[in-house]
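Hello,

Here is the structure I promised to pass on. Please open it alongside this email, and my notes follow below.

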Amino acid sequence: MVSLPSTLLFPLTIQNGDSLCTTLAAVYGKAVNSFSNKQSKKHRKVACACVAPPRNWKSDESSAIKFNGSSKSEHLSVVRDTEDDSDVLIECREVYKSFGEKKILNGVSFKIRHGEAVGIIGPSGTGKSTVLKIIAGLLAPDKGEVYIRGRKRAGLISDEEISGLRIGLVFQSAALFDSLTVRENVGFLLYENSNMSDNQISELVKECLAAVGLKGVEDRLPSELSGGMKKRVALARSILYDITNDSIEPEVLLYDEPTAGLDPIASTVVEDLIRSVHIKGRDAVGKPGKIASYVVVTHQHSTIKRAIDRLLFLHKGKIVWEGMTREFTTSTNPIVQQFATGSLDGPIKY
Ligand SMILES: Nc1ncnc2c1ncn2[C@@H]1O[C@H](COP(=O)(O)OP(=O)(O)OP(=O)(O)O)[C@@H](O)[C@H]1O
């Protein structure tokens, strides 16, 4: 049973022409405009979050790096001594995905460990968002496996009875429901899926908004917010969880281009927020963050430098390079060099 309040669902690109709200509502299993009437608070299975019994973690190792055989890294700062995978939260093993005739992923393998801040970079259209959707269980791979805390996920997240790890996807577009207030947007899944009272949810929403530096906006509609504020609201929604649920599961957040379209200063704010809600950060009210690990898909250099410790470079359906962020600009890999400098000359052709 999964009742993850903060997990957002569905591809960024809505393929069938549905509005985002309609589509999200469909995923949540009800129409948005019935939201205010519904107070049944019944638990329901939603298409999200993930698998496996809790384990004990080793100490945090944000700079931990592990190779999967399909990629190379240079100048390793930290080499893990053994094959101890007890801190692996998510693993993609030889994942393939095509859309029709179009082969997108061609054997993608990597691991996300507890405490990590990982970035996925690479040319446009190379399948980065597709990887996030596969990790989130919104798309099933054609071939290959996804392991969540060591347990193989059979198909889509919605098909399975799962627990042990919450996975949240933060959309590039913020994906707020236009007709709902900020409070209703942030608390949406708790109103829908938890047994918490309205007052409890309201308090929690307030706390989460404060954690991302937003106060007094609960009654506003999304149309009354700036783009950067909307992103913060989306972030607040992603860190909200049911405090009455006894099982404390680690959470991995997946950010799809969180700073796209923002000015440099607004980008810095969002980058720092991403850091602040991580377990190694402190949020806007000084509390330690709750997010165990996160994965960011981005094209922005500032985001790579500021919010990411380890990078995976996706090209032609494979991870062709991985390494620590500081190795990115000094890499001798021609693909990485071309990407880092934005040069037209090199192996990446448009
Ligand atoms: N549901 C889908 N149906 C058909 N094609 C799809 C679908 N989702 C993605 N694609 C195609 O798969 C390819 C990879 O898309 P994806 O969004 O994962 O790339 P990306 O690396 O995130 O791109 P960008 O950096 O431009 O955001 C694109 O050619 C896209 O058109």
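Phe177 and Phe188 are both buried, where buried means under 20% relative accessible area, exposed over 50% and partly exposed in between, using a 1.4 Å probe and protein chains only. Please keep in mind that this is a predicted model, in which local features need pLDDT of at least 70 and side-chain atom pairs count only at pLDDT 80 or more, while totals for chains, interfaces and linings use all residues. Residues are numbered from 1 along each chain as its sequence is written, and side-chain values use heavy atoms, with hydrogens and water left out.

**Aromatic pairs**

The structure has four aromatic pairs. Rings of Phe, Tyr and Trp (its six-membered ring) pair if their centres lie within 6.5 Å; planes under 30 degrees apart are stacked, over 60 edge-to-face, and the rest tilted. Helices (H or I, at least four residues) and strands (E, at least two) are DSSP runs, numbered from the N terminus.

Tyr255 and Tyr294 have ring centres 5.8 Å apart and planes at 85 degrees, so their pair is edge-to-face. It links distant parts of the chain, with Tyr255 in strand β7 (residues 251-256) and Tyr294 in strand β8 (residues 291-297), 39 residues apart. Tyr255 is buried at 1% relative accessible area, and Tyr294 is buried at 0%.

**The ligand**

Around the ligand there are 14 residues, the closest being Gly125, Lys128, Ser129, Thr130 and His299; a residue counts as near if one of its heavy atoms lies within 4 Å. This shell divides into three nonpolar, eight polar and three charged residues. Its largest share, three residues, comes from α2.

Which side chains bring a polar atom to an oxygen atom of the ligand? Thr130 has a side-chain N or O atom 2.6 Å from a ligand oxygen. For His299, the distance from a polar side-chain atom to a ligand oxygen is 2.8 Å, and for Glu257 it is 3.1 Å. Taken alone, the ligand exposes 640 Å², and the protein buries 70% of that; these areas come from the Shrake-Rupley method with a 1.4 Å probe.

Best wishes

How values were computed: A polar contact is a pair of N or O atoms within 3.5 Å; within protein, one must be able to donate a hydrogen and the other to accept it, and residues adjacent in sequence count only if both atoms are side-chain atoms. Ala, Val, Leu, Ile, Met, Phe, Trp, Tyr, Cys and Pro count as nonpolar, Asp, Glu, Lys and Arg as charged, and the others, Gly among them, as polar.
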